[in-house]
Every structure is written in structure tokens, then in C-alpha cells.
Amino acid sequence: MPLDLSVQLAPKRKRGLLLANPVMTASGTFGYGTEYSQVFDIQKLGAIVCKGTTLEPREGNPQPRLYETASGILNSIGLQNIGVKALIREKTPIWASWQVPVIVNIAGDTVEDYAQLAGQLDGVTGISGIEVNISCPNVRTGGADFGASPESASEVTAAVRAATSLPILVKLTPNTGDIVRVAIAVAEAGADAISLINSWKGMAIDIAKRRPVLGNIIGGLSGPAIKPLALSMVYEVAGAVDLPAIGCGGITSASDAIEFIMAGASAVQVGSASFSNPRASLDILDGIELFMQQEGINKLTEIIGTARC
Ligand SMILES: Cc1cc2nc3c(=O)[nH]c(=O)nc-3n(C[C@H](O)[C@H](O)[C@H](O)COP(=O)(O)O)c2cc1C
């Protein structure tokens with residue numbers, strides 16, 4: 001009997017967001033997908049989430065913007081991207097010919113920015129969904145500010161909901177007092193699924209120069225260092241909200257991914273792991289299939305949330 005790894009990420013939306021398997025790429029770590037299509041067969045993945053997109057092109061923050069830490073990476077890219085118009089013109093015609101669904105990650109300085117972005121992406125062929133980034137820790141305005149409180153998170157989600165019929169994933173920040181309350185607020189405001197988490201605020205200091213390492217001073221910590229933190233947040237949010245949760249944070253192996261799924265995630269996103277192993281997402285997918293074969297699991301959905309107490 002062939003394995004069924006499919007997952008539905010927008011069960012409450014008529015058009016749905018059906019993925020052939022639960023392995024997605026995390027925004028900002030997989031470009032526009034096109035870069036990796038030379039490296040492996042990206043069509044095998046569950047979905048690709050592209051780099052955070054803003055209304056206008058952005059050059060990002062001053063260098064240095066990346067710094068390796070024990071078990072993680074600090075980044076302060078600052079949403080460098082080509083802007084939504086170029087994305088629609090140059091990337092979506094390529095995505096339209098792909099089998100793998102592409103989700104566009106959006107970010108803005110104001111609630112109106114988010115609504116405009118969602119409106120411009122609505123109905124564009126080649127886009128299967130929108131991931132609303134209210135969690136970027138390294139931009140001066142917008143970003144994680146919106147995800148820090150239930151009220152502002154709800155306001156952005158409602159504005160995006162009103163502007164598009166596409167499935168909406170809202171991506172939460174761990175840099176908040178109560179991520180469960182934020183998750184409940186975005187669910188009530190019309191999100192179809194919840195992605196969590198974005199990177200944690202962090203920094204490093206060059207003691208010889210007596211200055212912060214990153215040009216932006218503060219960055220976001222990602223990678224294995226944040227996995228247990230992300231896992232507990234997924235566990236708590238999945239238990240509180242009746243929407244698919246998408247787990248992200250430090251996933252480098254199939255067993256990491258399965259932990260998130262057993263905690264209640266319907267899908268997972270692979271981020272920093274793609275930097276050290278560009279095929280990481282595919283290796284993780286292969287490992288999940290192997291686990292299912294070894295354990296006699298026919299449908300992936302059978303193990304979602306099975307570790308919940
Ligand atoms: C270099 C870099 C750029 C990122 N850019 C974005 C982005 O544009 N939008 C976004 O929502 N998240 C962005 N992220 C966060 C990742 O998508 C992910 O949430 C985070 O890195 C945690 O996952 P990981 O530990 O597997 O990397 C970025 C992360 C890194 C390392």
C-alpha cells in the first residue's frame with residue numbers, strides 16, 4: 001500500500017491548501033526556490049515558502065548580517081528582497097509551471113502595507129497561499145512588533161483576510177509574552193494555519209572591537225539551539241487553537257520533524273539546515289517516509305499530535 005503523506009493546511013477554506021507531504025522550506029532560507037531547483041528535485045517537497053516580500057524592493061540591513069553561534073545562526077538580513085511587483089513579474093510565471101505549491105511570505109511597516117500586498121498577490125497564478133510574517137526580529141518598524149501583541153496580530157490578520165481569498169498562514173514570533181494568546185487572536189481574525197516560530201532575538205559582541213558583531217546590533221537566532229523552545233510553543237499552540245500548526249525552528253533531521261508532528265504540527269518548515277546541507281529538506285522527507293515504513297504507518301495524519309498528553 002503506497003504511503004499517504006498528504007496534509008491539508010487550510011481545511012476551513014473552500015480552495016484548501018493540500019500538500020503532498022508535510023515538508024516545507026522556511027522563508028528566507030530557500031530564496032525563491034529557483035536557486036535550489038539546480039541542486040535537487042524541489043518538486044518533491046510539500047511546499048516552498050519564498051523570501052519575505054515587501055511592497056518596494058529592499059536592500060536589507062548593513063553588513064555583517066550573519067554570525068555563527070553555538071548550535072545556531074544569528075541573522076539580521078532585514079528583509080532584503082526584490083519587491084512584490086518584480087516577484088509577480090519574474091517569479092510567479094516560473095512557479096505556475098511547478099507541481100510544488102509556492103507560498104509567498106509578506107512583511108510590511110503598516111497594517112495597510114500587508115493589506116496591499118495581499119491584494120496584489122490575490123488571484124496571481126503560481127501562488128498557492130500567503131504567509132504573513134508578523135515576526136521579523138531585525139527590522140526597525142513593523143515585523144515582530146505586530147506579532148508581539150494579540151491586538152496588533154489580529155488587526156494585520158483581519159486586514160489580509162479582507163484583501164485575499166488565498167489561504168493565509170500567519171507566522172508567529174517567540175518574542176512575545178504569550179504566544180498562545182497571539183495564536184488564538186489570529187485564528188479568530190481569519191488565519192487558515194499558524195506557522196511557528198520565527199527566530200529569537202539575539203546578539204553577539206566582538207570583544208576585540210568592543211562592539212556588537214552584527215551591523216544591525218540585534219539579530220534573530222535560528223538553528224538547533226531553538227528547537228526545544230520552538231517545540232514547546234508548537235505543543236502549546238496546537239493544543240489551544242483549532243487550526244493546523246506548522247512547526248519551525250531548528251529542524252535538521254527527520255526525527256526532529258517527527259517530534260514536531262507528534263507535538264501537534266500538521267507540517268514542518270526546514271530553515272537554517274538548508275545552509276549546511278542544501279538537500280536537508282529532501283533528506284528529512286526521505287527520513288519521514290522511512291520511519292513510516294518501519295513503523296507500519298500508512299497515513300502521516302495518523303501520527304499528528306500522538307505525543308500529546
Ligand atoms: C538568513 C535568514 C533569513 C530569514 N528570512 C526570513 C523572512 O524573510 N521571513 C520570515 O518569515 N522568516 C525568515 N527567517 C526565519 C526562518 O524562516 C525560520 O522561521 C527561522 O530561521 C527558524 O527556523 P530554523 O531554526 O529552521 O532556521 C529567516 C531566517 C534566516 C536564518
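## Close-up legends: salt bridges, barrel and core

**View 1. Arg161 and Asp192 form a salt bridge.** The closest N and O atoms are 2.9 Å apart. The pair ties together distant parts of the chain: Arg161 sits in helix α4 (residues 150-163), and Asp192 lies in the loop between α5 (179-188) and β10 (193-196), 31 residues apart. Both Arg161 and Asp192 are buried. Salt bridges with shared partners join Arg13, Arg161 and Asp192 into one network. A salt bridge here is a side-chain nitrogen of Lys or Arg within 4 Å of a carboxyl oxygen of Asp or Glu. Nine salt bridges are counted by this rule. Buried means under 20% relative accessible area, exposed over 50%, and partly exposed in between, with a 1.4 Å probe and protein chains only. Helices (H or I, at least four residues) and strands (E, at least two) are DSSP runs, numbered from the N terminus.

The model is predicted: local features need pLDDT of at least 70, side-chain atom pairs count only at pLDDT 80 or more, and totals for chains, interfaces and linings use all residues. Residues are numbered from 1 along each chain as its sequence is written, and side-chain values use heavy atoms, with hydrogens and water left out.

**View 2. Lys12 forms a salt bridge with Asp242.** The closest N and O atoms are 3.5 Å apart.

**View 3. Arg89 forms a salt bridge with Glu90.** The closest N and O atoms are 3.3 Å apart. Arg89 counts as exposed because its relative accessible area is 56%. Glu90 has a relative accessible area of 40%, so Glu90 is partly exposed.

**View 4. Eight parallel strands close into a barrel.** The order is β3-β4-β7-β8-β9-β10-β15-β16. Neighbouring strands of this sheet are turned by 25° against each other on average, direction ignored. Two strands pair if DSSP finds at least two bridges between them. β3 (residues 23-25) and β4 (residues 47-49) run parallel and are joined by two bridges. Thr25 stands opposite Ile48 in β4. Helix α9 packs on the sheet and touches β3 and β16; its direction makes about 170° with that of β3. Axes are lines fitted to C-alpha atoms, for helices over the stretch in contact, and angles run from 0 to 180 degrees between N-to-C directions. Contact means heavy atoms within 4.5 Å.

**View 5. Strand β7 is mostly covered.** Five of its five residues are buried. Val102, Val104 and Ile106 point one way, while Ile103 and Asn105 point the other way. Two bridges pair β7 with β4 in the parallel sense. Val49 stands opposite Ile103 in β7. β7 and β8 also run parallel, joined by four bridges. Asn105 stands opposite Glu131 in β8. The chain crosses from β7 through α2 to β8, and this β-α-β crossover is right-handed. That is, with the strands pointing away from the viewer, the path from the first strand over the helix to the second runs clockwise. Helix α2 (residues 111-121) lies across β7 (102-106) and β8 (129-133), at about 155° to β7.

**View 6. β5 and β6 form a hairpin.** β5 (residues 66-69) and β6 (residues 72-75) pair in the antiparallel sense over four bridges. Glu68 stands opposite Ile73 in β6. Two residues lie between the strands, and Ser71 in the turn has a positive phi of about 65°.

**View 7. Helix α7 is mostly covered.** Seven of the 10 residues in α7 (residues 254-263) are buried. They are Ala254, Asp256, Ala257, Ile258, Phe260, Ile261 and Ala263. These buried residues pack against α6 (227-240), β15 (245-248), β16 (265-270) and α9 (280-295). Gly264 follows α7 and has a positive phi, near 125°.

**View 8. Val132 sits in the largest nonpolar core.** That core has 91 residues. Met24, Val132, Ile134, Leu172, Leu196 and Ile288 touch the most other members. A nonpolar core is a set of buried Ala, Val, Leu, Ile, Met, Phe, Trp, Tyr and Cys residues joined through side-chain atoms within 4.5 Å. Leaving out residues up to four places away in sequence, Val132 touches Ile106, Tyr114, Val156, Val160, Ile168, Leu169, Val170 and Lys171.
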